[in-house]
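Reader: I have the sequence and the coordinates open. Please go through them with me, one question at a time.

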There are 2 protein chains.
Amino acid sequence: MARWTAGAKERLQAAAFEAIRARGLESVTVAEIAAAAGVTERTFFRYFADKREVLFGGQEVLLATWVEHIAEAPADSDAGRVVVEAMRAAAEALFPNERRSSSRVRGEVIAGDIALQERESLKMRALSAAVAHALVERGGDEVESALAAQAVVGVFTVAFAQWIAPGESRSLAEIQDDLLVRLDALLPRS
Amino acid sequence: MARWTAGAKERLQAAAFEAIRARGLESVTVAEIAAAAGVTERTFFRYFADKREVLFGGQEVLLATWVEHIAEAPADSDAGRVVVEAMRAAAEALFPNERRSSSRVRGEVIAGDIALQERESLKMRALSAAVAHALVERGGDEVESALAAQAVVGVFTVAFAQWIAPGESRSLAEIQDDLLVRLDALLPRS
């Protein structure tokens, strides 16, 4: 990638979030997002298919991070341990508390729009499929890999919603760990 | 509902499955589904928004069955027990082994069409939201209700895929029970 576009994607995301927070998704245009980020519209479309897709750039990074950690996990780790460690590492690398307020803005925008909720749901489904595939790639049983993927994406989904809830101060990793303990306690033993 | 339409929905579903299995979703028309079921097109559209929606009629019944069982669960049952019992009861009531072959046909049709997979994914999201809501309605904590809902819908999703997998002979309820044990074993204890 040419030197002059370094950071363009991040600048576009920040500009889009700021504009959407200020005036709502509908009234914001790609032209003004691009202008605020100091790039052309053409550069915008190199990174994102449309203005809504800017809201989901983080999910692609999340998917890549999880898959990478799963692929690099020790060969003797079992599937549950591997996905939980990947979720923990991704939370620490991608969602430090400094990102909570922009994630809250994003969450509010998505909560107010059915089509965005659907897009988010499909991204989470893709995440689950990618996690299952990564577990199978390292030799996991298909059913167990699918089960581990569903469980960890479910925990992540609930944890993320809690992380951006009003008044929450714990880190995403702490919330995830808490939910894993609660999930374990929830499962009936018969 | 008028007497002459009794069973029309079920006949439409059976006719649609048969026609889709024989010639594929694209070439089947609402007119021929209606004719095969002995009803008018207008009757078809009273039950289903389009021919694709016929494939998802069972999910609405599933949602209603789960929610009903959750609402009627003993007040002193904890969330995990309640959702697991609801999942077990729904499997026994709605998915006896006699329905496995039509569910396989449905699964193959959906697996071959990205838009149908997305529609299925959104229905499962609605199921999870409805389960969480039903748990909150009976006094459950919001986070724990969401967690229990995600977990049980995840187990159901993997169990259902296994139930219709080639060569599988166990009942859906048995597979679900097995996966609950495996999920418990998967969760790391630290």
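Single residues

Reader: Where in chain A does E174(A) lie?

Author: This is a predicted model, in which local features need pLDDT of at least 70 and side-chain atom pairs count only at pLDDT 80 or more, while totals for chains, interfaces and linings use all residues. Residues are numbered from 1 along each chain as its sequence is written, chains are lettered from A and ligands numbered from 1 in the order in which they are written, and side-chain values use heavy atoms, with hydrogens and water left out. A helix here is a DSSP run of H or I with at least four residues, numbered from the N terminus. E174(A) lies in helix α9 (residues 172-186) of chain A.

Reader: Is E174(A) buried, exposed or partly exposed?

Author: Buried means under 20% relative accessible area, exposed means over 50%, and partly exposed is in between (1.4 Å probe, protein chains only). E174(A) has 45% relative accessibility, so its class is partly exposed.

Reader: How far apart in space are E174(A) and L12(A), C-alpha to C-alpha?

Author: Along the sequence, E174(A) and L12(A) are 162 residues apart. In space, C-alpha to C-alpha, the separation is 30 Å.

Reader: Is A75(A) buried or exposed?

Author: A75(A) sits in the loop between α4 (57-71) and α5 (79-94) of chain A. Its relative accessibility is 79%, so A75(A) counts as exposed.

Reader: What distance separates the C-alpha atoms of A75(A) and G140(A)?

Author: G140(A) is in the loop between α7 (114-137) and α8 (142-163) of chain A, and with 30% relative accessibility it counts as partly exposed. Along the chain, A75(A) and G140(A) are 65 residues apart. Their C-alpha atoms are separated by 10 Å.

Reader: Which residues does G140(A) touch, not counting those up to four places away in sequence?

Author: Contact means heavy atoms within 4.5 Å. With residues up to four places away in sequence left out, G140(A) touches L135(A) and S145(A).

Reader: What is the relative accessible area of G154(A)?

Author: G154(A) is in helix α8 of chain A. Between G154(A) and S128(A) there are 26 residues in sequence and 9.0 Å in space, C-alpha to C-alpha. G154(A) is buried, because its relative accessible area is 3%.

Reader: Beyond its neighbours within four places in sequence, which residues is Q13(B) in contact with?

Author: Q13(B) belongs to helix α1 (residues 8-23) of chain B. With a relative accessible area of 18%, Q13(B) is buried. Apart from those neighbours, Q13(B) is in contact with F48(B), V54(B), G57(B) and G58(B).

Helix pairs

Reader: Why are α8(B) and α9(B) oblique to each other?

Author: Axes are lines fitted to C-alpha atoms, for helices over the stretch in contact, and angles run from 0 to 180 degrees between N-to-C directions. Angles under 35 degrees count as roughly parallel, over 145 as roughly antiparallel, 65 to 115 as roughly perpendicular and the rest as oblique. Helix α8 (residues 142-163) and helix α9 (residues 172-186) of chain B have axes 9 Å apart. The two are oblique because of their packing angle, which is about 130°.

Reader: How does α5(B) run relative to α9(B)?

Author: Helix α5 (residues 79-94) of chain B packs against α9(B) with the axes 8 Å apart, at an angle of about 155°. That angle makes the pair roughly antiparallel.

The two chains

Reader: Which rotation superposes chain B on chain A?

Author: Copies are superposed by least squares on the C-alpha atoms of residues with pLDDT of at least 70 in both. For chain B on chain A the RMSD is 0.0 Å, and the shift along the axis is 0.0 Å. The relation is that of a two-fold axis, and the rotation is 180°.

Reader: Which residue of chain B comes closest to the rotation axis?

Author: The distance of that residue is 3.0 Å, taken at its C-alpha. Of the residues of chain B, the one closest to the axis is A151(B).
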